[in-house]
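Please open the structure in the viewer and follow the selections below in order.

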Amino acid sequence: MVTLADVARHAGVSASTVSYVLSGKRSISATTRERIQRSIEELGYRPHAGARALASSRTQILALMMPLRTDLYLPVMMEIAMAVTTTARAHGYDVLLLTGEEGPEAVRRVEGSALADAMIVMDVELDDPRLPYLRQAERPAVLVGLPADTTGLNCVDLDFEAAGARCVDHLAALGHRQIAVLGEPPAVYARGTGFAERTLTGLRAAAAEHDAGLLHRPCDGTYAAVAATLGRIFEERPATSALVVQNEAAVEPLLAVLRQRGLAVPEDVSVVAVCATQVAAQASVPLTAVGIPAQEMGRRAVERLVAHLDGQEPPGTVLIAPELTVRSSSGPAAATPPPGRTDGARRGHSRR
């Protein structure tokens with residue numbers, strides 16, 4: 001194993017000079033610094049993590065708090081986590097993944113034990129119980145999500161409110177005036193999860209602007225739950241001509257239930273989603289959708305955190321503008337609601 005002394009000998013300097021270059025505690029001439037850097041690269045020297053932490057007061061570790069809840073779509077969460085990990089490595093940081101539902105205790109543990117230099121926090125609620133502890137912590141944090149009060153916080157997220165509005169704007173431009181929303185599972189709204197509530201705010205505001213009716217129903221992602229929810233929607237609002245779905249697990253069950261009812265997409269019912277791009281593009285009917293920019297969210301969270309650690313960027317909020325991609329699932333509103341909404345099959349079509 002190559003040691004610091006080996007680097008010093010190879011570069012023709014003292015061990016303390018190599019240490020100063022690694023820690024940045026003293027100014028070293030550019031010529032000497034370059035010579036030492038060449039020796040480090042040629043010898044393949046890797047500083048001991050514990051010694052580096054003692055020398056610089058940095059662990060070079062970022063803690064990623066990602067509670068693994070069964071009511072959230074885990075592939076999107078993992079895509080964000082992968083982007084966090086790869087971006088962190090590019091900046092010389094490793095990632096400590098905390099997956100438990102510990103809430104404030106996880107913040108206290110990282111802060112009290114100096115496990116990491118900073119924190120990235122996911123699954124953010126509007127009134128998140130972790131926020132008071134994050135505001136008081138010495139270690140900086142970036143939230144991948146947006147709480148109700150962002151004062152003193154560093155946040156990165158998709159602009160979900162604008163995403164909801166874009167869906168309604170698109171459908172209204174196609175003539176749809178009765179829109180129903182199949183939302184996340186009820187537990188997501190019960191927690192006050194930020195992205196779900198903000199999407200709903202955007203949907204409602206845009207519906208009011210277009211003088212369109214909007215019906216929202218939380219929904220689990222099982223076939224039985226989707227079938228029951230859709231049946232309830234058509235009973236309550238028979239004139240519903242478009243559906244917005246924000247629940248990746250419900251996408252294929254929804255399309256299957258519509259087929260079983262004899263309803264064609266988009267001729268009888270248009271479907272628009274706020275979901276992972278892969279889910280929308282690979283659905284049995286490719287969905288018009290606002291995609292979740294998971295990789296960009298993870299990358300920008302790390303970049304903001306590293307910049308903050310280096311004193312280059314103050315806290316603040318970054319909202320990524322939504323992009324709606326039009327695919328096969330949305331079209332002009334039908335002139336009259338097909339009978340399949342109420343009797344389970346269109347005239348001239350049998351159940352499939």
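Which residues of α11 are buried? Before selecting them, note that the model is a predicted one. Select helix α11, residues 223-236. Its buried residues are Ala-225, Val-226, Thr-229, Leu-230, Gly-231, Ile-233 and Phe-234. Helix α11 has 14 residues and spans 20 Å from its first C-alpha to its last, close to the 20 Å expected at 1.5 Å a residue.

Next, select Ile-40, which lies in helix α3, residues 30-43. With a relative accessible area of 8%, Ile-40 falls under the 20% cut-off and therefore counts as buried. Display its contacts: leaving aside residues up to four places away in sequence, Ile-40 touches Val-7, Leu-22 and Tyr-45.

Finally, select helix α5 (residues 74-90) together with helix α14 (residues 294-309). The two helices pack with their axes 7 Å apart, at an angle of about 40°. The crossing of α5 past α14 is right-handed.

To view the contact itself, show the side chains on both helices. On α5, the residues that meet α14 are Val-76, Glu-79, Ile-80, Ala-83, Val-84, Thr-87 and Ala-88. Their counterparts on α14 are Ala-294, Gln-295, Met-297, Gly-298, Arg-299, Val-302 and Glu-303. Colouring this contact by residue class gives eight nonpolar, three polar and three charged residues.

Terms used:
Residues numbered from 1 in each chain as written. Predicted model: local features only at pLDDT ≥ 70, side-chain atom pairs only at ≥ 80, totals over all residues. Heavy atoms only, no water. Helix = DSSP H or I, 4+ residues; strand = E, 2+ residues; numbered from the N terminus. Buried < 20%, exposed > 50% of the residue type's maximum accessible area, 1.4 Å probe, protein only. Contact = heavy atoms within 4.5 Å. Expected span 1.5 Å × (residues − 1). Axes fitted to C-alpha atoms, helices over the stretch in contact; angles between N-to-C directions. Left-handed = near helix turned anticlockwise from the far one by under 90°. Nonpolar A, V, L, I, M, F, W, Y, C, P; charged D, E, K, R; others polar.
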